[in-house]
Amino acid sequence: MALFDWGTYNGKWKLHIAELLGMRLTEIPPYDFTRRKFVEEYFREYGELAKAFGTVIAHSPYYSTVSDDSETLERARKGLIAAAKKAEIAGAEVFNLHLGGKLEDLDRTLEMAAETVKMILKNTKNVKVSLETAYSRYLLGSIDEIKAIMEILNSNRVLISLQLENDWMREKGVYRTGLFHKASEETDESFWMKIMKRALDLNSDYLSLRFSQITGIKLRGMVVKKRVPLGMGYPKLDPLSKAIAKFIVKEIYEEDLPTRIHLIYTGIPDTKYRDSVQLYSTVAKEIVPLIER
């Protein structure tokens, strides 16, 4: 029996909006963990208010899990551990981790990132750590790299989290070319099905999906990406929503897998509630005819 939870990121004072809209999931945003005034009591109160949701997720602050500088790495690890402890206080089931950059030596990079995750696991009790995919091969977070880290750790508390537009940018080479429109036109359902299958093969307990549309430009050889409201960017939503619906029904529901499915909208704050509802609604509308047959 699959369980499908959906929602977006919410500070404590916005939880009532997400609850009113019927969202089943809430994510503690990364900046909540970097504000000094947000002490443990804030996260206890968050947990109490979030009991209406099926799933609470926390997004870690943007501290890299690797560094050539030992002092920088130590500070980052302390910050991530402190954030993960606060996430547990808030009742978070999953602590989503942005892995950061790479060193020249990939093996050393993987070992160092794995050690950082190991320290988070050691200093928490039950929270699972999801490793988020990156948009560029210059950053740590391809599916294969996350698989390697998971194999090093060999823990059922480590998951993969697909940031879908990042996977699209990375696999289609958009991070190099900046050809957003061309790559979007060339992307079909089969592309997304393959991406999700690779994630499910790594952990059948969770299919963690994150998404926002983006635009960007190529500037001095580097692609700069920007999140935009749903319907105003890339990649196209239609093939993605059809693929998500088909994957949930054909690969999880009909296979009777006990998989928790997370669909998290990660777009800009100004339109996040409207866009979250639209994203879920678009996917749900594609699911209905598949299960009514």
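The model is predicted. Its largest nonpolar core has 85 residues, and a search of the whole structure finds 13 aromatic pairs.

**Nonpolar cores**

- Within the largest nonpolar core of 85 residues, Leu131 and Met196 have the most contacts.
- Helix α10, residues 237-253, gives the most to this core, with nine residues.
- A second, separate core has six residues, among them Ile57, Leu159, Tyr206 and Ile264.
- Leaving aside residues up to four places away in sequence, leucine 131 touches Leu97, Leu99, Val117, Ile146, Ile149, Met150, Val158, Leu159, Ile160 and Ser161.

**Aromatic pair: tryptophan 13 and tyrosine 42**

- A search of the whole structure gives 13 aromatic pairs.
- In one of them, the ring centres of tryptophan 13 and tyrosine 42 are 5.5 Å apart, and the planes stand at 50°, so the pair is tilted.
- This pair links distant parts of the chain, 29 residues apart: tryptophan 13 is in the loop between β1 (3-9) and α1 (15-20), and tyrosine 42 is in helix α2 (residues 40-49).
- Tryptophan 13 is exposed, at a relative accessible area of 54%, whereas tyrosine 42 counts as buried at 5% relative accessibility.
- Both residues belong to one aromatic cluster, formed by Trp13, Phe33, Phe38, Tyr42, Phe43, Tyr46 and Phe95.

**Aromatic pair: tyrosine 138 and tyrosine 175**

- Tyrosine 138 and tyrosine 175 form an edge-to-face pair, with 5.6 Å from centre to centre and 85° between the planes.
- This pair also links distant parts of the chain: tyrosine 138 lies in the loop between β5 (128-132) and α5 (143-153), tyrosine 175 lies in helix α7 (residues 174-177), and the two are 37 residues apart.
- Tyrosine 138 is exposed, because its relative accessible area of 61% is over the 50% cut-off.
- Tyrosine 175 is buried, because its relative accessible area of 9% is under the 20% cut-off.
- Arginine 176 lies over the face of tyrosine 175, at 5.7 Å from the ring centre.

**Isoleucine 291**

- Isoleucine 291 is found in helix α11, which covers residues 272-291.
- With a relative accessible area of 46%, isoleucine 291 is partly exposed.
- Not counting residues up to four places away in sequence, isoleucine 291 touches Val249 and Tyr253.
- Isoleucine 291 and methionine 193 are 98 residues apart in sequence, and their C-alpha atoms are 18 Å apart in space.

Terms used. Residues numbered from 1 in each chain as written. Predicted model: local features only at pLDDT ≥ 70, side-chain atom pairs only at ≥ 80, totals over all residues. Heavy atoms only, no water. Helix = DSSP H or I, 4+ residues; strand = E, 2+ residues; numbered from the N terminus. Buried < 20%, exposed > 50% of the residue type's maximum accessible area, 1.4 Å probe, protein only. Contact = heavy atoms within 4.5 Å. Core = buried A, V, L, I, M, F, W, Y, C linked by side-chain atoms within 4.5 Å. Phe/Tyr/Trp six-rings, centres within 6.5 Å; stacked < 30°, edge-to-face > 60°. Lys NZ or Arg CZ within 6 Å of the ring centre and 35° of its normal.
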